[in-house]
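Trainee: I'd like to go through this one with the cut-offs in hand. Can you take my questions in turn?

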Amino acid sequence: MAQTATIHTFDIDLADVDRGVYETLALRVARHPSESAEFLIARVLAYCLEYSDRIEFSRGLCDPDEPAVSIRDLTGAIHTWIDVGAPDAARLHRASKASPRVVVYTQKDPAQWLRLIAGARIHRKEALELYALDRATVEGLVDRLERRMAFALSITDRELYLSLADTTLTGVVSRLAIPED
């Protein structure tokens, strides 16, 4: 029998001082059986870091040609392609052709990934926005992951401050650069 997705509910009080975004989010996020907890948390954090009108999660692993998160314009065209993890160069190339803005948040050690994509042909490579999520922060959230979670997330100077129940987690979102060939 095939396993079904697990639904996680996140109630997030978002205060993004950098962008002037203050929202209360109620997210229902489907976690595919083959999706790691780290990837799920990275998707949720990427959603919060890029939050704006018309932002949405994709169908995920069911549709590999779609980004993990996207922001579409009123016509339905992708305005911002938001990927999570360590997408290969071919995926980044397609994303750069499909969207005027491409952003990637990685929850993994970025050094090896950056070396892999450094020499590859990627459309508008210089325009990619690549970020590394603090691994300790992601792991801290994974350790506390439940099917229903509530937390406050404040973002100041790309530093994350998460308050959940009796715990506070902090971490930096670091901008990455693709090494020169």
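Trainee: Why is R158 called partly exposed?

Mentor: Because its relative accessible area is 22%, and the label covers whatever falls between buried, under 20%, and exposed, over 50% (1.4 Å probe, protein chains only). So R158 is partly exposed. Bear in mind that this is a predicted model, where local features need pLDDT of at least 70, side-chain atom pairs count only at pLDDT 80 or more, and totals for chains, interfaces and linings use all residues. Residues are numbered from 1 along each chain as its sequence is written, and side-chain values use heavy atoms, with hydrogens and water left out.

Trainee: Where does R158 sit?

Mentor: In the loop between strand 8 (148-156) and strand 9 (159-164). Helices (H or I, at least four residues) and strands (E, at least two) are DSSP runs, numbered from the N terminus. R158 also has a positive phi of about 60°, although it is not a glycine.

Trainee: What about R124: what is its phi, and why is it called partly exposed?

Mentor: R124 has a positive phi too, about 50°, and is not a glycine either. Its relative accessibility is 27%, so it counts as partly exposed. You'll find R124 in the loop between helix 3 (110-118) and strand 7 (129-132).

Trainee: What makes S99 buried?

Mentor: Its relative accessibility is 3%, so S99 counts as buried. S99 lies in the loop between helix 2 (89-98) and strand 6 (101-106). Leaving aside neighbours within four places in sequence, S99 is in contact (heavy atoms within 4.5 Å) with I78, H79, T80, W81 and R124.

Trainee: What makes a set of residues a nonpolar core?

Mentor: They must be buried Ala, Val, Leu, Ile, Met, Phe, Trp, Tyr and Cys residues joined through side-chain atoms within 4.5 Å. The largest one here has 41 residues, of which F10, I12, L14, Y105 and L153 touch the most other members. Helix 1 (residues 37-49) gives the largest share, 10 residues. A second, separate core of 18 residues includes A89, V104, W113 and I117.
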